[in-house]
Amino acid sequence: MALTQITDTVQSGDVTLFVRKFGAPGNMPLLILHGGNYYDSADWVEVAEQLAADREVAAFDARGFGNSSRSPSKNYGFAAALDDVCAVLRQLGWSRAVIVGHSRGGSHALLAAARMPEIAAGLVLVDYSPALGFGPPGGAPPAADEALPIFPTIEAALDSTSRYRPDPLTAEAKERALEFLEPVDGGFRLAKRDPSFMSHAGETGAPLVPRQGYEELADVRCPVLIIRAAKSPLFKPEDLTRLDTMDRVEIREIDSGHDVIGEAPAAFVAALRDWL
């Protein structure tokens, strides 16, 4: 039976973050950071409900994504991302959590665990390799919604992302897709994400400049689980060899593409529960 989901909002800087919470106090809570390629916290509801059987679990829409507001100043820098993590933890009343990050969320989770070790009881990187780094230095230029491409079908729009697409498209997958697709003349445009989500234009004060991914990982003091998608190309053999030699790092492989949560949720839950 599904657990009750509680939703809330949290103010962080110039944005309002949308948060989903599951479960009741028990074992160490989990804080989930979703990916960037048209993902948001809604993708984690099924998994979060299962993981919340013995603990609190929360997932929030990153600034500019899903039901969170866009940054008027286009401040999507790393310092803002870590401020958002802290704001959500304060709202939840958690001093520490296991931080779970998928894809782009994995890069933010890694930075949070490396730069704020006091909040990280564990770190889970879902198909994110430290070798991928943290995006272009200084971010990317702001962009407009009008610049987004228009796709003739839902299937074509989904195929432009890294999301798992059942073939044929199921009614459930179509319903979910229409939550982040905007019907326009000529087809569909991807919405629910600020096209400037990689801009650092609105940063104030000294920017947080990440080091190379392995340097950040070396500063992580908590146990680390890396869940690698077997059908994803993001881990090179030399990366797996290097990670396998690192203290506190464990690697699990799941038979899926990059969208592990969408394609293999049961396998993900089993792997994470076993590690926890």
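Let's start in the sheet. Strands E3 (residues 27-33) and E5 (residues 97-102) run parallel and are joined by four bridges. Ile 32 has Val 100 as its bridge partner in E5. Strands here are DSSP runs of E, at least two residues, and helices are runs of H or I, at least four, numbered from the N terminus. Two strands pair if DSSP finds at least two bridges between them.

A word on the source. This is a predicted model, where local features need pLDDT of at least 70, side-chain atom pairs count only at pLDDT 80 or more, and totals for chains, interfaces and linings use all residues. Residues are numbered from 1 along each chain as its sequence is written, and side-chain values use heavy atoms, with hydrogens and water left out.

Now the whole sheet. It is open, has eight strands and mixed pairing, and the order is E1-E2-E4-E3-E5-E6-E9-E10. E1 (6-12) and E10 (249-254) stand at the edges with a single partner strand each, so one side of each has no neighbour in the sheet.

Next, helix H2, residues 78-92. H2 lies across E1, E2, E3, E4 and E5, at about 130° to E1. Angles run from 0 to 180 degrees between N-to-C directions, with axes fitted to C-alpha atoms, for helices over the stretch in contact. Contact means heavy atoms within 4.5 Å.

How many of the 15 residues of H2 are buried? The count is 11. Buried is under 20% relative accessible area, exposed over 50%, partly exposed in between, with a 1.4 Å probe and protein chains only. Among the buried ones are Phe 78, Asp 84 and Leu 92. Their cover includes helix H3 (104-115).

Just after H2, Gly 93 takes a positive phi of about 80°.
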